[in-house]
2 protein chains.
Amino acid sequence: MADQEVDWTSHAESRIHEAGLKKSGPRGRVIESLAGRDCAATALEIDAELEGVGRATVYRAIEQLEELGLVQKVDLGGSAFGYEKVDPSGHHHHHIVCDDCGKVEPFEDEALEEAIHDIHRKGFKLEKHEVTLHGQCQDCR
Amino acid sequence: MADQEVDWTSHAESRIHEAGLKKSGPRGRVIESLAGRDCAATALEIDAELEGVGRATVYRAIEQLEELGLVQKVDLGGSAFGYEKVDPSGHHHHHIVCDDCGKVEPFEDEALEEAIHDIHRKGFKLEKHEVTLHGQCQDCR
DNA sequence: CGACAAAGTGAGAATGAGTCTCATTTACTA
DNA sequence: TAGTAAATGAGACTCATTCTCACTTTGTCG
Ligand SMILES: [Zn+2]
Ligand SMILES: [Zn+2]
Ligand SMILES: [Zn+2]
Ligand SMILES: [Zn+2]
């Protein structure tokens with residue numbers, strides 16, 4: 001387990017405690033599952049991975065984590081959304097999707113972040129952003 | 001009806017003909033509906049607008065148009081996807097979504113487009129991109 | 001013109017992700 | 001330890017989207 005995972009897990013647990021929520025095993029396992037990945041997974045993938053944890057609990061946990069800004073929802077082009085942990089430092093990545101086979105790869109780009117940071121919109125308080133690049137991967141050319 | 005709509009409509013109809021597809025009234029009405037909007041609508045909104053056109057036909061038409069690059073799918077954060085016409089010139093916009101009320105506004109940003117254009121990814125042929133900014137609109141502050 | 005094949009269509013069934021309900025259990029707090 | 005609010009899991013439910021299928025339209029060829 002990498003340091004970052006430990007950090008995110010305990011960070012998540014403390015934010016949950018600060019929010020007045022109770023400690024719980026099933027939600028803890030959802031947090032662990034998210035901590036162990038470096039890119040997005042669907043709610044049903046997590047549900048399938050966690051035997052003995054109900055679907056409703058998985059969705060609820062993800063929802064709570066999302067409200068606390070600990071997890072973000074990402075559209076991976078398929079039929080289900082993906083969810084991935086949010087690094088408290090603000091460090092993040094975006095995604096490239098192969099529209100043929102569905103493969104998803106994370107990427108980072110500083111110039112892109114700057115361009116987005118410079119966008120201001122009257123009447124809107126901007127909080128986050130999502131960028132998805134679409135194309136074809138090597139295997140599908 | 002603006003010039004651009006006429007252009008996109010006939011452009012769409014010819015591309016459909018070129019693709020070996022047959023002329024059809026119901027699909028024509030779906031094309032009209034998309035032509036008449038300058039931002040995204042959901043499939044069910046279009047279906048509701050077009051009395052006498054079956055749901056399956058609306059979805060099929062959108063799918064065909066999407067495959068021909070005439071329409072693009074956009075994730076508006078809600079439960080359904082939006083679809084909007086693609087200008088053959090390549091001119092396009094992205095979206096700002098209010099996560100509280102769901103309001104969607106289009107925006108354009110040249111610096112953002114340049115930053116995206118400069119992104120290259122080994123093993124991927126990039127074809128399109130989607131950018132969504134999230135925040136709160138004035139009414140929801 | 002017909003006649004044929006391929007594309008198109010609409011009603012409704014089916015699918016599948018996500019949400020809701022509710023009776024029961026668990027965690028904190030006084 | 002009792003009270004209270006949060007948490008849980010099974011399963012019912014919703015709703016966007018896809019699929020099926022019998023039937024119609026379109027375009028082509030003779
Ligand atoms: Zn990711
Ligand atoms: Zn970013
Ligand atoms: Zn738009
Ligand atoms: Zn763009």
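In the predicted model, the second largest pocket is lined by 41 residues, and those lying nearest its centre are V71(B), Q72(B), K73(B), V86(B) and K128(B). Two or more lining residues are given by each of β4 (94-98) and β6 (124-137) of chain A, and likewise by β2 (71-75), β3 (81-85), β4 (94-98) and β6 (124-137) of chain B. The largest share of this lining, 6 residues, is contributed by β6(B). The volume of the second largest pocket is about 1,100 Å³, and its lining residues divide into 17 polar, 15 charged and 9 nonpolar.

A zinc ion (ligand 3) is coordinated in chain B by the SG atom of C39(B), an OE atom of E84(B) and the NE2 atoms of H93(B) and H95(B), at 2.0 to 2.3 Å. The arrangement is tetrahedral because the 4 donor atoms around the zinc ion (ligand 3) subtend angles of 100 to 118 degrees, which fall within the limits of 85 and 135 degrees applied to four donors. Along the sequence, the donor residues of this ion follow the spacing C-x44-E-x8-H-x1-H.

Technical notes: Residues numbered from 1 in each chain as written. Chains lettered and ligands numbered in written order. Predicted model: local features only at pLDDT ≥ 70, side-chain atom pairs only at ≥ 80, totals over all residues. Heavy atoms only, no water. Donors = N, O, S within 2.8 Å, 3.2 Å for Na, K, Ca; no water. Tetrahedral: all angles 85-135°; square planar, octahedral: opposite > 155°, others 65-115°. 1 Å grid on protein atoms, 1.4 Å probe; cavity = no way out; pocket = protein on both sides within 12 Å on 5 of 7 lines; lining within 4 Å. Points joined across faces, edges and corners; volume = space filled by probe spheres on them. Helix = DSSP H or I, 4+ residues; strand = E, 2+ residues; numbered from the N terminus. Nonpolar A, V, L, I, M, F, W, Y, C, P; charged D, E, K, R; others polar.
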